[in-house]
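I opened this notebook to record what I looked up, entry by entry. The sequence and structure are placed here for reference.

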Amino acid sequence: MGYSSKSPWLIHYDGSSCNGCDIEVLDSMMPLYDIERFGIINTGNPKHADIFLVTGSVNAQNIEVVRHIYDQMLEPKVVVACGICACTGGVFRDCYNVIGGVDKAIPVDVYAPGCAVRPETIIDAVLKAVEILDEKAERMAKGVDPATAPREGLLPGKGYKTNAAGELEQGDTCPNGVAPAATPACESPEKKEA
């Protein structure tokens with residue numbers, strides 16, 4: 001356990017959900033599930049937060065708010081998309097005002113699907129985020145930018161070129177760190193037009 005993960009703070013933001021996932025996030029903090037037993041504390045200030053927990057989909061009105069909260073957080077930081085709406089847009093993905101999941105606005109590190117996502121799944125996702133937080137802190141200590149460096153065990157995959165430092169060559173991943181073949185939404189507009 002690294003220094004960053006001893007007492008990580010998380011900030012929760014509801015994008016535009018039905019509030020089912022929000023209730024489950026609050027439930028995960030109550031005595032029955034008690035996420036605080038792992039030293040995780042909820043905060044309202046992005047400058048104090050290590051983990052950004054987002055529920056609901058991204059739309060035209062909240063995309064800049066999501067980006068603003070993310071930009072205010074200090075490195076290392078981890079983003080958790082909670083609920084199927086935050087992961088993909090969910091049942092609202094075909095609505096005129098919905099852009100999609102959180103990964104359309106900011107890079108997502110952990111996905112916790114479900115409708116509504118269960119408190120156990122939220123706790124598992126946050127604990128996975130704590131592991132990634134430690135990994136990013138180690139990378140920062142080595143002088144590598146944690147936002148752009150691939151995570152060990154997830155990337156690089158088959159068919160990806162790495163340089164001498166073990167980092168992916170430029171253009172081999174999407175901004176959110178997922179292989180382009182796995183996420184068609186990562187394709188740039190130039191590729192779609194061609």
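How many bridges join β5 to β7? I noted first that this is a predicted model. I then counted 3 bridges between β5 and β7, two strands that run parallel. Among the residues involved, I looked up Ala81, whose bridge partner in β7 is Tyr111.

Entry on the sheet. I traced an open sheet of 5 strands, with parallel pairing, in the order β2-β1-β3-β5-β7. The edge strands are β2 (41-42) and β7 (110-112), and each of them pairs on one side only. I recorded as background that strands of a sheet pair through backbone hydrogen bonds, either parallel or antiparallel.

Entry on helix α2. I asked which residues of α2 (residues 63-72) are buried. I found Ile63, Val66, Ile69 and Tyr70. These residues lie on the same side of α2 because they cover an arc of only 130° around the axis. On the other side of α2, I found His68 and Asp71 exposed.

I next asked what covers the buried residues of α2. The cover includes the strands β1 (9-14), β3 (51-55), β4 (58-59), β5 (78-82) and β6 (98-100). I also looked up how α2 is placed against the sheet strands: α2 lies across β1, β3 and β5, and runs at about 170° to β1.

Entry on salt bridges. I noted that side chains of opposite charge can pair when their charged atoms come close. The structure holds 5 salt bridges, and I looked up several of them.

In one of them, the side chains of Glu64 and Arg67 meet at 3.1 Å, N to O. Glu64 and Arg67 are separated by about one helical turn, because they are 3 residues apart in helix α2. Arg67 is partly exposed, at a relative accessible area of 29%.

In another, Glu131 meets Lys128 at 3.5 Å, N to O. Both Glu131 and Lys128 belong to helix α4 (residues 119-141), where they are 3 residues apart, about one turn of the helix. I recorded Lys128 as partly exposed, with a relative accessible area of 38%.

I also looked up the salt bridge between Glu120 and Arg118, in which the closest N and O atoms are 3.6 Å apart. Are these two partners buried, exposed or partly exposed? Glu120 is partly exposed, with a relative accessible area of 37%, and Arg118 counts as partly exposed at 42% relative accessibility.

Note on methods: Residues numbered from 1 in each chain as written. Predicted model: local features only at pLDDT ≥ 70, side-chain atom pairs only at ≥ 80, totals over all residues. Heavy atoms only, no water. Buried < 20%, exposed > 50% of the residue type's maximum accessible area, 1.4 Å probe, protein only. Helix = DSSP H or I, 4+ residues; strand = E, 2+ residues; numbered from the N terminus. Arc of directions from axis to C-beta. Contact = heavy atoms within 4.5 Å. Pairing = 2+ DSSP bridges. Axes fitted to C-alpha atoms, helices over the stretch in contact; angles between N-to-C directions. Salt bridge = Lys/Arg side-chain N within 4 Å of Asp/Glu carboxyl O.
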